[in-house]
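User: Can you walk me through this one? I'd like to start with surface charge, then go inside.

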Amino acid sequence: MMKKKFLIPVLMMAAMFLIAGCGSKEQMVLSFINIGKGDAFLIRVPGGGYYMCDTGKKEDYAVMDRFLEMKKVEHLDGIFLSHGHKDHAGGLKLILKKYPTDKIYLSGKDDMTYKKTDVEQTAAEYQTEIVKMQGGEVLELGGARVQVWIPPDKDPENENNNSMVARWSFKDTSFLMTGDMEKGEEKQFLESFRDCRADVLKLGHHGEKDATSKSLLNAVMPAYGIITGNEEENPDSVNSKTARRLKKYGIKAYYSEGEQIAWDFIADGTSVKAVRIMDNSAGARNGNDAADEKEEE
């Protein structure tokens, strides 16, 4: 009898340690899907829940779909669209068709870049709620916080400068997603956004020379820089000026090139590490869900 009385508290204590251990392993993960010139990111928030930041081009859908299958995603809590250009929003309809999505977040001020992308009609077709952001919103999504910034005035001459910017944070770690923001929008952003710091910076306009100013890098101070382009598809993304600038600031650059299907940037609330995700399922021809993860050395 005494043994049983002693055993019960021990088991309860062990259970408490297990629960505490699970909590300590909560992470925010940004997946940089390798689709060439185009933006498509999956974010898993601490505590569970999946969001996409942009949906790439329509012709990129097969890669995005394969990656979501590998991650066992069946439902999306939301999709954030930085703007309506086809290399950022072209895959939206195909994503919604297969993956039920609760909400689509987009700029309520941008009527410039959605001329060829009818997001509202597409959302209505798949019973997805549209949330039009005005800038300044702070969203609590699972264990992540999302700060939204939108240019106060439309730029009719350069559509890229109408991009919605979102800073995702979990404790002391963060990702800054900039859409196609160029230097003109960067200046406004730096003047009005209080805390720009981020461990991972998604470079604006695919890393081309008209974006990613020294002022932005000084404010953000990232360890990692993501460039959604490669030399074959978009040579302007792989330019020496941007590469030199990133190197000068000690920023590790990641391009849309290589054999990996994605890079995962894993934030534990204290630090961020990069992990390469390979699809080893016989080139995904057989539909197997085999994957290889390798942490960057």
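**Charge, burial and salt bridges**

Analyst: On the surface, Lys183, Lys209, Lys214, Lys241, Arg244 and Lys248 gather in a patch of positive charge. Keep in mind that this is a predicted model.

User: Which helix gives the most to the positive patch?

Analyst: Helix 8, residues 240-248. It supplies 3 residues.

User: And where is lysine 214 found?

Analyst: Lysine 214 sits in helix 7, which covers residues 214-220. Its relative accessible area is 43%, so it counts as partly exposed.

User: Changing topic. How many disulfides does a search of the whole structure find?

Analyst: The search finds 0 disulfides.

User: What about cysteine 53, buried or exposed?

Analyst: Cysteine 53 is buried, at 6% relative accessibility. Cysteine 196 is buried too, with a relative accessible area of 5%.

User: Now helix 2. How many of its residues are buried?

Analyst: In helix 2 (residues 61-70), 7 of the 10 residues are buried, so the helix is largely enclosed by the rest of the structure.

User: Which ones are they?

Analyst: Tyr61, Met64, Asp65, Arg66, Phe67, Leu68 and Met70.

User: What happens just after helix 2?

Analyst: Lysine 72 takes a positive phi there, about 65°.

User: Salt bridges next. How many does the count come to?

Analyst: The count comes to 17 salt bridges.

User: Let's take arginine 66. What does glutamate 69 do with it?

Analyst: The two form a salt bridge, with the closest N and O atoms 3.9 Å apart. The cut-off is 4 Å, so this pair counts.

User: How are they placed in helix 2?

Analyst: Glutamate 69 and arginine 66 are 3 residues apart in the helix, so about one helical turn separates them.

User: And the burial of each?

Analyst: Arginine 66 is buried, with a relative accessible area of 9%. Glutamate 69 is partly exposed at 31%.

User: Which side chain does aspartate 279 meet in a salt bridge?

Analyst: The side chain of arginine 66, at 2.8 Å from N to O. Aspartate 279 lies in strand 15 (residues 272-279) and arginine 66 in helix 2, so the pair ties together parts that are 213 residues apart in sequence.

User: Is aspartate 279 buried or exposed?

Analyst: Buried, with a relative accessible area of 19%. The cut-off for buried is under 20%, so aspartate 279 falls within that class.

User: What about lysine 71? What does it pair with?

Analyst: Lysine 71 forms a salt bridge with aspartate 264, and their closest N and O atoms are 2.5 Å apart. This pair links distant parts of the chain, 193 residues apart. Aspartate 264 is in strand 14 (residues 262-267). Lysine 71 is in the loop between helix 2 and strand 4 (76-80).

User: How covered are those two?

Analyst: Aspartate 264 is buried, with a relative accessible area of 3%. Lysine 71 counts as partly exposed, at 21% relative accessibility.

User: Last one. Which residues do salt bridges with shared partners join into one network?

Analyst: Asp65, Arg66, Glu69, Lys98 and Asp279.

Methods. Residues are numbered from 1 along each chain as its sequence is written. This is a predicted model: local features need pLDDT of at least 70, side-chain atom pairs count only at pLDDT 80 or more; totals for chains, interfaces and linings use all residues. Side-chain values use heavy atoms; hydrogens and water are left out. Patches are made of residues with over 30% relative accessible area and no salt bridge: like charges are joined within 9 Å, nonpolar side chains (Val, Leu, Ile, Met, Phe, Trp, Tyr) within 5 Å. Accessible areas come from the Shrake-Rupley method with a 1.4 Å probe; for residues, only the protein chains shown count as cover. Lys and Arg count as positive and Asp and Glu as negative; His and the chain ends are not counted. The place of a charge is taken as NZ of Lys, CZ of Arg, CG of Asp or CD of Glu. Helices (H or I, at least four residues) and strands (E, at least two) are DSSP runs, numbered from the N terminus. Buried means under 20% relative accessible area, exposed over 50%, partly exposed in between (1.4 Å probe, protein chains only). A disulfide is a pair of cysteine sulfur atoms within 2.5 Å.
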